[in-house]
Amino acid sequence: MELTLAQAAAGAELSVRRFQEAVSSGDLPIHRVVGTTQTVDSAILNAFLRAQAHGRRWAPNTRQAALDLLSGETVTTLTGSALSRLKSRLRTLPVSALAYHLGASRGWYRYRSTDLPRVEVEQEVIPTGPSLLGDTAYATRLGLVAGPSNNLYATVTDLDSTEATLRLIIDSEGDIFLTERTTPTMVASLIDLYLFGDVRESLAAEEELIRRLRAC
């Protein structure tokens, strides 16, 4: 569904100015501009609302360090006291704040394919979030029932090129959600599930992310 910023603000019980600031900063992607009216996609708006906190966004080196810590990988972008402070912060951080500081709701767009079957689109992208729940082992690990998602959630390395190659167009009723990401990770996929999953899926992702946060 396509919403104006005024409609989005009314539904979320937040100010229009809050949404204007989110759009200006890139936190909330614009779906379309009709004349002087900006609109947002309702599903991406919901993801934005699940990633709310305060403070500055983390710098790229801090974002990468957090993803490495949560993935159990060796951290190379932070060392010493900076790394220790990040570990301490992660242990008490809510998942909504983690998603906020990582900028996880940024850069998402909703499409439909003009003439390619979705199965062909799926072969050209990297599934994430709810679209990974078709993997039985992954779903079971989260305590969820495996099955395909109604929508396709995926990452690509070049959004503009993918749009042109797969002949995709922006559509608020589309079933394809894409974002640009150079290094997909399982932790990022869990955050995508937290943002875009249904209530049960989002909760399962939140619980797994909390487990990882507390283990830092």
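Predicted model: local features only at pLDDT ≥ 70, side-chain atom pairs only at ≥ 80, totals over all residues.

How exposed is aspartate 175, in relative accessible area? I found aspartate 175 partly exposed, with a relative accessible area of 28%.

**Around arginine 118**

I looked next for the partner of aspartate 175 and found a salt bridge with arginine 118, the closest N and O atoms being 3.3 Å apart. Aspartate 175 sits in the loop between E7 and E8 and arginine 118 in helix H7, so this pair ties together parts that are 57 residues apart in sequence. Arginine 118 also forms a salt bridge with glutamate 122, with closest N and O atoms 3.2 Å apart. Those two both belong to helix H7, four residues apart, which I note is about one turn of the helix. I have arginine 118 down as partly exposed at 22% relative accessible area, and glutamate 122 as partly exposed at 34%.

My search of the whole structure gave 12 salt bridges. One of them joins arginine 167 and aspartate 115, with the closest N and O atoms 2.9 Å apart. Arginine 167 lies in the loop between H9 and E7 and aspartate 115 in the loop between E4 and helix H7 (118-122), so parts 52 residues apart in sequence are tied together. Arginine 167 is partly exposed at 39%, whereas aspartate 115 is exposed at 51%. I also noted a network of salt bridges linking Asp27, Arg57 and Arg106.

**The sheets**

I traced an open sheet of five strands with mixed pairing, in the order E5-E6-E8-E4-E7. Its edge strands are E5 (126-127) and E7 (168-170), each pairing on one side only. E5 pairs with E6 (residues 152-156) in the antiparallel sense over two bridges, and proline 127 stands opposite alanine 154 in E6. Helix H9 (residues 159-166) packs on this sheet and touches E4, E6, E7 and E8.

I then turned to an open sheet of three strands, antiparallel, in the order E1-E3-E2. E1 (2-4) and E2 (32-34) are at the edges with a single partner strand each, so one side of each has no neighbour in the sheet.

**Arginine 181**

Last, I checked arginine 181, in the loop between strand E8 (176-180) and helix H10 (186-196). Arginine 181 counts as buried, at 17% relative accessibility. I found a polar contact of 2.9 Å between the side chains of arginine 181 and aspartate 192. Leaving aside neighbours within four places in sequence, the contacts of arginine 181 include Trp108, Thr128 and Ala188.

Key. Residues numbered from 1 in each chain as written. Heavy atoms only, no water. Buried < 20%, exposed > 50% of the residue type's maximum accessible area, 1.4 Å probe, protein only. Polar contact = N/O pair within 3.5 Å; in protein donor to acceptor, adjacent residues only side chain to side chain. Contact = heavy atoms within 4.5 Å. Pairing = 2+ DSSP bridges. Axes fitted to C-alpha atoms, helices over the stretch in contact; angles between N-to-C directions. Salt bridge = Lys/Arg side-chain N within 4 Å of Asp/Glu carboxyl O.
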